[in-house]
Amino acid sequence: MNVRDLSFKLNSIFDIKKYEHVDKNLNGLQVGSLDAKVSKVAFAVDASYSVLKEAKGNDFLITHHGIFWSKKERIVSNMYDKMKFLIENNLALYSVHLPMDAHSIYSHSKVFADFLGLKNPFAFANYGGFNLGVIADSSFSFSEILEKIKKENKHILFSKKFKESVNKVAIVSGSGYSFFEEALCHGIDLFITGDTSHQIYSLAEECGVSLIFAGHYFTETFGLIKLMQDFKIQEDLEVEFICKNTNL
């Protein structure tokens with residue numbers, strides 16, 4: 001397999017073309033030699049310089065947040081350093097942002113719900129015609145859900161219990177607090193997202209809906225890890241996940 005083959009496969013899985021009108025991230029292959037061979041693939045949330053250095057020795061790096069966020073980027077300063085490092089180390093960079101958030105299998109929100117043991121998930125949180133979150137049924141209490149998250153991530157930003165019983169949970173990975181009012185329409189008991197929001201606290205208190213702000217980084221690892229696990233099984237590739245938790 002070469003960079004062209006793997007990029008084509010990922011483009012097909014995530015149907016990246018249909019997100020061009022709504023996603024600022026440049027989805028798809030951002031840097032790479034198309035004919036370069038691929039046998040080792042790394043996965044990471046961010047394409048930070050520290051991640052790139054740790055990915056050295058791999059042939060292909062898949063990230064949720066790439067290095068290009070518009071079609072007009074100046075290759076100067078830290079951007080120049082990243083590009084230089086990628087080229088000198090023959091490391092291809094592929095980014096998949098909203099196409100992963102909204103994917104039926106690899107959505108961070110969907111995989112997070114599976115991790116928590118929630119049932120009957122359905123998509124919501126419409127952004128530009130694409131649903132980024134899920135609402136699912138719960139047989140667990142608030143304390144049980146919070147404890148399960150804390151076992152995986154000790155750096156939860158904030159949690160508030162307004163009631164212990166939880167029958168329905170809304171999850172939107174990353175910065176999903178703007179979808180809180182939409183989630184309320186579905187009769188939720190718990191709202192989980194990554195980033196904190198002062199503005200929804202009072203409404204949550206008034207409606208008796210508990211909150212968990214589990215961290216932007218943490219909530220956006222789930223789809224990547226599932227994709228990595230599937231690649232390990234389905235493709236003849238060595239894989240690794242590079243964890244650089246920002247605790248945010």
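A salt bridge is a side-chain nitrogen of Lys or Arg within 4 Å of a carboxyl oxygen of Asp or Glu. The model discussed here is a predicted one, and the structure holds eleven salt bridges. Among them is the one in which the side chains of Asp 137 and Lys 168 meet, with a distance of 3.0 Å from N to O. Asp 137 belongs to strand S6 (residues 130-137) and Lys 168 to strand S8 (residues 168-172), so that the pair links distant parts of the chain, 31 residues apart. Asp 137 counts as partly exposed, at 26% relative accessibility, and Lys 168 is also partly exposed, with a relative accessible area of 21%.

| Asp 35 | Arg 4 | 2.7 Å |

In the salt bridge between Asp 35 and Arg 4, Asp 35 lies in the loop between S1 and S2 while Arg 4 lies in helix H1 (residues 3-14), so the pair ties together parts that are 31 residues apart in sequence. Asp 35 is exposed, with a relative accessible area of 53%, whereas Arg 4 is partly exposed at 38%. Lys 244 is partly exposed, with a relative accessible area of 31%, and Glu 54 is partly exposed at 39%.

Turning to the sheet, five strands form an open sheet in the order S1-S4-S3-S2-S11, with mixed pairing. Its edge strands are S1 (28-31) and S11 (238-241), each of which pairs on one side only, and the twist averages 25° from one strand to the next. S1 pairs with strand S4 (residues 92-95) in the antiparallel sense over three bridges, and Val 31 has Leu 93 in S4 as its bridge partner.

Helix H10 lies across strand S2 (40-46), strand S3 (60-65) and S11, running at about 165° to S11. Helix H5 (residues 108-116) packs with helix H10 (residues 222-234) at an angle of about 80°, with their axes 7 Å apart, which makes H5 roughly perpendicular to H10. In this contact, His 108, Val 111, Phe 112 and Phe 115 of H5 meet Phe 222, Gly 223, Leu 224 and Lys 226 of H10; by class, the contact has five nonpolar, two polar and one charged residues.

Terms used
Residues numbered from 1 in each chain as written. Predicted model: local features only at pLDDT ≥ 70, side-chain atom pairs only at ≥ 80, totals over all residues. Heavy atoms only, no water. Axes fitted to C-alpha atoms, helices over the stretch in contact; angles between N-to-C directions. Helix = DSSP H or I, 4+ residues; strand = E, 2+ residues; numbered from the N terminus. Parallel < 35°, antiparallel > 145°, perpendicular 65-115°, else oblique. Contact = heavy atoms within 4.5 Å. Nonpolar A, V, L, I, M, F, W, Y, C, P; charged D, E, K, R; others polar. Pairing = 2+ DSSP bridges. Buried < 20%, exposed > 50% of the residue type's maximum accessible area, 1.4 Å probe, protein only.
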